[in-house]
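Thanks for coming. Please have the structure open.

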Amino acid sequence: MKKTALFLALLSTAALARPEEGYRNPPPELKALVDAPNTPELSIDPRNQTLSQATRPGFLSIEQLSEPELKLAGLRFNPLTRASGRDKYYQSLELRPLRQGPARPVKGLPKKLRLASLRWSPDGKQLAFVNVARGGGQLWVADVASNTAHRVPGVLVNASLGFLVEWTPDGKNLLVMAVPDKQGPAPAASSVPTGPSIQDHEGGKATARTFQDLLKSPEDEKLFTYYLTSQPLLVSPDGKTRRNWGRPALYTGLSLSPSGQYLLAETVHTPFSYTVPISNFPTKTEVLDQSGKTVKVVADLPLDDNSPPDFDSVRTGPRSCDWRSDAPHTLFWVEAQDGGDARKAAPVRDQAFLWTPGGEAQPWVSLDQRFSGIQWGDDSHALLYEGWHKTRRSKALLLQPAQPSVAGKPYFDRSSEDRYADPGRPLTRTLPNGHGALVLKGDSVFLVGQGASPEGDRPFLDRYDLASGQSERLFRSQAPNFERPVRFLDTDQKELLITRENLETPPNLYVGDKALTQFVHPAPQLKGVKKEIIRYKRADGVDLTGTLYTPPGYNGGKLPVLIWAYPGEFKSAAAAGQIKDSPYRFIRPFWGGPLFFVMRGYAVLEDPTFPIIGEGKKEPNDTYVEQLVMDAQAAVDGVVATGVGDKDRCAIGGHSYGAFTTANLLAHSEIFRAGIARSGAYNRTLTPFGFQSEERTYWEVPDLYKRMSPFTYADKINEPLLMIHGGEDNNPGTFPMQSERLFQAVKGLGGRVRLVVLPKESHSYAARESVLHVFYEMDRWLEQHVKNAPPR
């Protein structure tokens with residue numbers, strides 16, 4: 001009898017301990033926000049005549065997410081479609097005149113739409129795109145005049161590495177990365193090993209950050225070679241003419257010259273690596289003529305598994321190869337002059353080169369920082385950008401491409417952290433060859449900037465004279481709207497297209513005060529939400545800000561608070577204290593942040609400034625924990641000072657590095673009642689060659705790695721911690737094991753902790769079922785441990 005009673009008691013206990021089964025839904029007000037429709041995404045043709053409107057679904061289904069997936073060399077794709085199985089492809093496509101007229105669904109499309117890679121022809125009369133389907137992407141072309149689309153017969157696009165669809169400059173053909181004809185079946189998978197997996201290193205430093213989804217076996221190599229092999233193909237929109245350009249190979253990039261006569265092709269080749277992804281594989285860059293013959297081998301770089309971990313270090317040899325957009329076929333590239341090693345002192349870091357077919361590569365300009373981009377204008381105008389992460393310096397030079405011997409003229413030299421001093425980026429236009437170039441008027445460019453200021457972001461448009469350095473303001477966003485310049489619609493630069501939004505209206509296109517689109521709020525229940533940018537100070541005097549949201553109808557009283565954080569490293573306290581965001585931007589429903597909980601009666605502080613500062617030669621992370629706690633305390637005090645927040649009912653949460661932040665704050669402070677950590681990393685010894693903005697390795701600063709790891713202080717986590725993690729997280733460093741090990745540690749040490757692992761999900765969550773369950777978990781945790789928590 002006693003044994004029976006004991007058995008029944010154990011059975012009852014086991015039943016109580018059994019985890020809940022199946023996906024759960026959150027309260028209706030949260031579910032409705034998750035299911036709010038997306039606003040269409042817009043694309044304007046190069047001649048400014050036609051507007052396309054394409055809409056993505058909010059989420060995939062868990063069934064879609066469970067389709068077959070290969071994980072090879074840092075890539076993930078569905079072998080049945082040769083495209084990503086995690087992307088939310090367009091499910092509708094409409095065309096309309098830009099200035100007026102209704103949007104009309106394109107006729108002739110297949111019933112099951114999964115559209116991607118929309119590309120206008122240079123004359124704007126046709127729109128090419130890919131429909132993701134079994135066997136490979138189907139190439140389609142829509143005719144604007146008839147508003148109908150047709151499939152280009154006999155073409156399957158290989159998008160295992162991403163979509164490549166490019167019009168030829170004359171608009172007569174399309175260049176695609178196609179599945180090779182007669183490729184045959186994929187290598188058969190075997191459940192019986194043929195031998196061990198072996199990695200060998202014969203000495204010499206080979207530092208590499210932690211990566212996911214790497215090759216693991218000879219079988220993986222065979223699958224990688226099979227699925228990544230593509231054939232560059234030129235095909236007419238009607239499919240009647242087609243020509244292979246070169247041979248099938250493992251192409252990772254293709255680019256037509258503006259003349260259309262040459263093809264810049266990048267391929268990878270053996271030996272492959274089991275420690276780094278495809279971007280570090282041996283890479284060959286060459287120029288092919290129209291017959292497919294190699295005109296020039298620009299580079300044939302070996303495997304890169306030993307570059308220094310510093311952000312300013314780069315691969316040796318030619319890199320950033322691309323065509324000069326305003327010339328027929330001039331190739332540009334840069335090469336490191338310091339061995340690619342940022343830790344070496346060197347007067348010249350990068351050297352730029354120019355090359356045209358039939359000639360030799362000519363040195364052009366020497367840079368004392370790393371090349372970061374170039375914008376072409378004409379023979380007398382090109383803007384080249386360079387920067388250095390360590391010092392946060394950013395520079396630009398005005399160059400004359402037709403006169404390479406003329407020294408560059410400084411355009412700006414500033415701190416990349418200083419948002420208030422950002423001059424903006426030049427507007428570009430589409431040339432007749434389909435390539436982009438600077439909008440020029442004499443020696444002037446037109447700069448569009450975010451307009452960061454002490455009163456919030458106010459985007460602007462300036463006319464800037466490159467010769468004199470004089471600037472004229474042409475436009476600035478005005479309250480109570482948030483307006484952004486998009487492009488000029490005329491060649492005289494008088495008719496400016498902008499987007500305009502406000503707190504309750506999503507972005508719409510305008511010319512002057514004439515609305516060209518009339519999109520409405522996708523979640524009108526958010527209209528009563530109040531938004532305010534609050535300012536407060538850290539204990540050491542650093543100015544901080546955050547965006548505070550309060551529920552519709554709120555008219556006083558202390559609310560429970562949810563703070564959603566993500567730290568940033570700074571070299572300047574002044575830059576760290578600059579205002580972000582605008583009080584007039586549309587309150588967009590986005591599942592990835594904390595905003596939805598305003599509808600559950602919480603005050604929400606989104607994107608508060610959590611700076612980790614290291615001025616001069618100091619490294620920010622040397623005082624990471626101390627600064628993090630000051631940031632958090634200041635944020636709570638700032639919300640409480642508004643009269644909105646209840647100091648004794650505050651929660652901290654974050655995703656990725658924000659999850660790392662959450663766990664650290666629970667371990668090192670008593671500020672919060674509970675925490676929510678999504679897809680984080682908690683033991684930095686498992687990312688020994690650097691993480692986030694930390695460039696030093698574990699062996700250089702072992703104490704720092706341990707001190708920054710909340711796993712080290714799991715015994716100090718005495719507030720309830722909810723951890724959520726994608727079961728197939730592929731973000732470098734945030735292995736699912738990170739959450740599993742912290743859960744085991746906190747559980748073993750007697751803390752209150754819950755771990756939710758989402759099947760099939762990666763670093764960001766894609767399935768509707770998963771996201772709804774995330775909000776179910778978060779809501780339940782906050783209601784129990786924060787809103788309705790007993791007094792401390």
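Start with helix 9, residues 736–748: at 1.5 Å a residue its 13 residues should span 18 Å, and the end C-alpha atoms are 18 Å apart, so the two agree. The expected span is 1.5 Å times one less than the number of residues. Helices here are DSSP runs of H or I with at least four residues, strands are runs of E with at least two, and both are numbered from the N terminus.

This is a predicted model, where local features need pLDDT of at least 70, side-chain atom pairs count only at pLDDT 80 or more, and totals for chains, interfaces and linings use all residues. Residues are numbered from 1 along each chain as its sequence is written, and side-chain values use heavy atoms, leaving out hydrogens and water.

Which residues of helix 9 are buried? They are Pro 736, Gln 738, Ser 739, Leu 742, Ala 745 and Val 746, buried being under 20% relative accessible area with a 1.4 Å probe, protein chains only. They pack against helix 7 (657–668), strand 46 (721–726) and strand 47 (753–758). After helix 9 comes Gly 750, with a positive phi near 90 degrees.

Now helix 6, residues 624–641. Its 18 residues reach 25 Å from first C-alpha to last, close to the expected 26 Å. Gly 643 follows helix 6, with a positive phi near 85 degrees.

Definitions and conventions: Buried means under 20% relative accessible area, exposed over 50%, partly exposed in between (1.4 Å probe, protein chains only). Contact means heavy atoms within 4.5 Å.
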